[in-house]
Amino acid sequence: MNTQSTRADNILRCARSLIVRGGYNSFSYADISKVVGIRTASIHHHFPSKSDLVRVLVAQYREEAAAGLSQLEQAIPDPLDQLRAYLGYWERCFADMAAPFCVCALLAGEIPVLPEEVAAEVRAHFRQLADWLTGVLERGAAQGRLRLSGTARADAEMLLATTHGAMLSARAYGDATAFGAITRPLLERIAA
């Protein structure tokens, strides 16, 4: 096992948990150093600046999301069931607090103060997710499984905004059930 890649992975995991807990400006390399058990100079060796670290973290998150969505499509052929599985994933995350928040949704709220290279990765995540949702909605409408209220793209953006808004509401209320209470009715409305 490569110690250097393991150390970088540990740094990324730690940074991700710190971002989910408090956002971009809530942590420093000193915080990561304490958790991971390495000197800040070692962190700088892997990631020269905080913006480098978070840009890599978001790029990695995007890759994980793309792989997860691809696996979901392969395992579940029906577009309505794909949307149920996508929303169900986040509902389960909130229920057991395994991954209680989308890193990019959290960072999107901070775009005005993020370094541009990080903001660009966050925007790319949203575009990637909207593209995937658009495709699912188009297939679902063509198969008669989903009912669109506008264009597939507009409905995808609405679904994306509702999903992330439900995440914020669940977090604000401290109530994991709020996510499903918000997203389930939307899914019921678009099911044909």
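Proline 79 sits in helix H5, which covers residues 79-96. Helices here are DSSP runs of type H or I with at least four residues, strands are E runs of at least two, and both are numbered from the N terminus. With a relative accessibility of 0%, proline 79 counts as buried. That word means under 20% relative accessible area, while exposed means over 50% and partly exposed lies in between (1.4 Å probe, protein chains only).

Before going on, note that this is a predicted model: local features need pLDDT of at least 70 and side-chain atom pairs count only at pLDDT 80 or more, while totals for chains, interfaces and linings use all residues. Residues are numbered from 1 along each chain as its sequence is written, and side-chain values use heavy atoms, with hydrogens and water left out.

So who does proline 79 touch? Setting aside neighbours within four places in sequence, proline 79 is in contact with Val136, Arg139, Gly140, Gln143 and Leu146. Contact means heavy atoms within 4.5 Å. Val136 is 57 residues away from proline 79 along the chain, yet their C-alpha atoms are separated by 5.4 Å.

Now for a pair of helices. Two packed helices are described by the angle between their axes and the distance between the axes. How do H4 and H7 cross? The axes of H4 (residues 50-75) and H7 (residues 116-142) come within 8 Å and cross at roughly 10°. That makes H4 roughly parallel to H7. The axes are lines fitted to C-alpha atoms, for helices over the stretch in contact, and the angles run from 0 to 180 degrees between N-to-C directions. Under 35 degrees counts as roughly parallel, over 145 as roughly antiparallel, 65 to 115 as roughly perpendicular, and the rest as oblique.

The residues of this contact divide into 14 nonpolar, 3 polar and 6 charged. Here Ala, Val, Leu, Ile, Met, Phe, Trp, Tyr, Cys and Pro count as nonpolar, Asp, Glu, Lys and Arg as charged, and the others, Gly among them, as polar. On the H4 side, the residues include Ser51, Ala66 and Leu72, and on the H7 side, they include Glu117, Gln128 and Trp132.

Serine 51, in H4, is buried at 11% relative accessibility. Leaving aside neighbours within four places in sequence, serine 51 is in contact with Tyr24, Pro115, Glu117 and Val118. Alanine 66, also a residue of H4, is partly exposed at 34%.

Glycine 109 lies in the loop between H6 (103-108) and H7, and it counts as exposed at 65% relative accessibility.

Here are some C-alpha separations to check on the model:

| Pair | Apart along the chain | C-alpha separation |
|---|---|---|
| Serine 51 and glycine 37 | 14 residues | 21 Å |
| Glycine 109 and arginine 16 | 93 residues | 16 Å |
| Alanine 66 and glutamine 128 | 62 residues | 8.0 Å |

What about the cysteines? A disulfide is a covalent bond between the sulfur atoms of two cysteines. The structure holds 0 disulfides, with a disulfide taken as a pair of cysteine sulfur atoms within 2.5 Å. For cysteine 14, the nearest cysteine sulfur belongs to cysteine 104 and is 18 Å away. Cysteine 93 has its closest cysteine sulfur in cysteine 102, at 10 Å, which is too far for a bond. Cysteine 14 is buried at 6% relative accessibility, and cysteine 93 is buried with a relative accessible area of 6%.
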